[in-house]
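Me: I would like to learn how to read a few features of a protein model, taking them one at a time. Could you guide me through them slowly?

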Amino acid sequence: MPVVLVPAVRMERWVLNFNGRHGSTGLAVVDGALTGAASDGSTFTARLPFEERYAGLPDAAGFAAAMEPPGDWGVLLVRKGGFAVARLAGERIVGSKVGQRHVQGRTKAGGQSQQRFARRRDNQARQAYEAAGDHAARILGGLAGPLVAGGDHTAVDEVLSDPRLRALHVVDPWLPVPDPRRSVLEAAVEDAQAVRVEVVNA
């Protein structure tokens, strides 16, 4: 089903627009989420970021007010030789690093040549993950709150296998991002703080 990212400042307007498109919408709080059921049969389920559960009144204003980012949390993005890591205090980035290391692409050559390329690529990838792990350990060391991750699952798992990072608590959602750059990191920080709204149109 479609998932929409809605920042806190737009949540009330989003619910009003849903009501306008689909007819009178009744709100409820179900299993820690704000839900809406419209007169045309369309529904939505909105969940707070960082796997937080909502326990307030069934209204958009109260739900939006509950969307406070933690006082200490992080973002880790890894793809191939690229990585981006940030530590945040609420909405403010207090430490970050974006890096890129060359990792050999796949080759169509066969035999020993292909094996040699594969070994070189594996070595380059391992060095890239170790570099990402070093920066992540420096920036995220002692992190008290959640970590939002994204990029390539295998690459992120490799970085998080560093003993210095094993205590980090990774929360949903997974962020599907392109090769990490500064702009990608900044967009990921915004997406991590947004409400995930699942919409079922009648």
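Reply: Phe-18 is buried, having a relative accessible area of 1%, where buried means under 20% relative accessible area, exposed over 50% and partly exposed in between, with a 1.4 Å probe and protein chains only. This is a predicted model, in which local features need pLDDT of at least 70 and side-chain atom pairs count only at pLDDT 80 or more, while totals for chains, interfaces and linings use all residues. Residues are numbered from 1 along each chain as its sequence is written, and side-chain values use heavy atoms, with hydrogens and water left out.

Me: How is a pair of aromatic rings described, and which rings link with Phe-18 into a cluster?

Reply: A pair of aromatic rings is described by the distance of the centres and the angle of the planes. Rings of Phe, Tyr and Trp (its six-membered ring) pair if their centres lie within 6.5 Å, and planes under 30 degrees apart count as stacked, over 60 as edge-to-face and the rest as tilted. Here ring pairs link Trp-14, Phe-18 and Phe-44 into a cluster. The rings of Trp-14 and Phe-44 have centres 5.1 Å apart and planes at 85°, so this pair is edge-to-face. Trp-14 lies in helix α1 (residues 11-22) and Phe-44 in strand β4 (residues 43-47), 30 residues apart; helices (H or I, at least four residues) and strands (E, at least two) are DSSP runs, numbered from the N terminus. Phe-44 is buried, with a relative accessible area of 1%. The rings of Phe-18 and Phe-44, with centres 5.0 Å apart and planes at 80°, are likewise described as edge-to-face.

Me: On a strand, where do the side chains point, and are the two faces of β8 covered or open?

Reply: In a regular strand the side chains alternate between the two faces of the sheet. In β8, Pro-146, Val-148 and Gly-150 on one side and Leu-147, Ala-149 and Gly-151 on the other are all buried, and both faces are covered. Six of the six residues of β8 are buried, so β8 is largely enclosed by the rest of the structure.

Me: Which strands join β8 through bridges?

Reply: Two strands pair if DSSP finds at least two bridges between them. β5 and β8 pair in the parallel sense over five bridges, and Val-78 has Gly-151 as its bridge partner in β8. Strand β9 (residues 169-175) runs parallel to β8 and is joined to β8 by four bridges, with His-169 as the partner of Pro-146.
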